[in-house]
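Me: Please go through the structure shown below in questions and answers, with the cut-offs behind each term.

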Amino acid sequence: MCADPPVLPQAPPQAGLTLIEVLVALAIVAVTLAAGFKATAALTRNSERLGHTLAAQWCADNLLTNLRLQRQFPPVGDSEQNCEQLGQTYTLQLVVRPTPNPNFRRADVRAADPAGQPVLQLSTVLPRN
């Protein structure tokens with residue numbers, strides 16, 4: 001007689017993740033975190049730039065408003081001065097040029113941040129009073 005081979009008990013199927021699946025999941029998480037950190041850094045730089053631009057615009061607006069309030073026809077030429085806003089010192093360059101109409105002068109204010117990088121430029125036309 002022929003004996004049947006003994007039947008071995010079957011192990012239950014294992015539930016879980018393979019090493020490859022875990023490594024792929026970790027790679028996806030790492031790429032996502034890196035992109036998030038890069039976006040956060042860009043937002044921080046933009047916020048700093050916006051703060052510098054706003055403070056420099058206050059300085060330039062104050063200078064042009066002061067010219068208007070003096071009620072004197074500004075002389076043609078260039079001048080430079082410093083302005084402090086929000087704890088930073090901005091360099092303002094005032095450039096006054098004649099216009100085709102002798103009753104007006106063009107005034108440009110160029111503002112640079114503390115590192116010397118140009119931030120903005122404002123222009124206006126000032127009348128003879």
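**Salt bridges and sheet**

Me: Is arginine 97 buried, exposed or partly exposed?
Reply: Buried means under 20% relative accessible area, exposed over 50%, and partly exposed in between (1.4 Å probe, protein chains only). The relative accessible area of arginine 97 is 35%, so this residue is partly exposed.

Me: On what basis are these values given?
Reply: The model is predicted: local features need pLDDT of at least 70, side-chain atom pairs count only at pLDDT 80 or more, and totals for chains, interfaces and linings use all residues. Residues are numbered from 1 along each chain as its sequence is written, and side-chain values use heavy atoms, with hydrogens and water left out.

Me: Which side chain meets that of arginine 97 in a salt bridge?
Reply: A salt bridge requires a side-chain nitrogen of Lys or Arg within 4 Å of a carboxyl oxygen of Asp or Glu. Here the N to O distance is 3.0 Å. Arginine 97 lies in strand β2 and its partner in strand β1, so the pair ties together parts that are 19 residues apart in sequence. The partner is aspartate 78.

Me: Is aspartate 108 buried or exposed?
Reply: The side chain of aspartate 108 meets that of arginine 106 in a salt bridge of 3.0 Å, N to O. Arginine 106 is partly exposed at 39% relative accessibility. Aspartate 108, with a relative accessible area of 5%, is buried.

Me: Which strands stand at the edges of the sheet?
Reply: Strands (E, at least two residues) and helices (H or I, at least four) are DSSP runs, numbered from the N terminus, and two strands pair if DSSP finds at least two bridges between them. The open sheet has four strands in the order β1-β2-β3-β4, with antiparallel pairing. Each edge strand has a single partner strand, so one side of each is left without a neighbour in the sheet; the edges are β1 (77–85) and β4 (118–127).

Me: What angle does the direction of helix α1 make with that of β4?
Reply: Axes are lines fitted to C-alpha atoms, for helices over the stretch in contact, and angles run from 0 to 180 degrees between N-to-C directions. Contact means heavy atoms within 4.5 Å. Helix α1 (residues 19–70) packs on the sheet and touches β1, β2, β3 and β4; its direction makes with that of β4 an angle of about 20 degrees.
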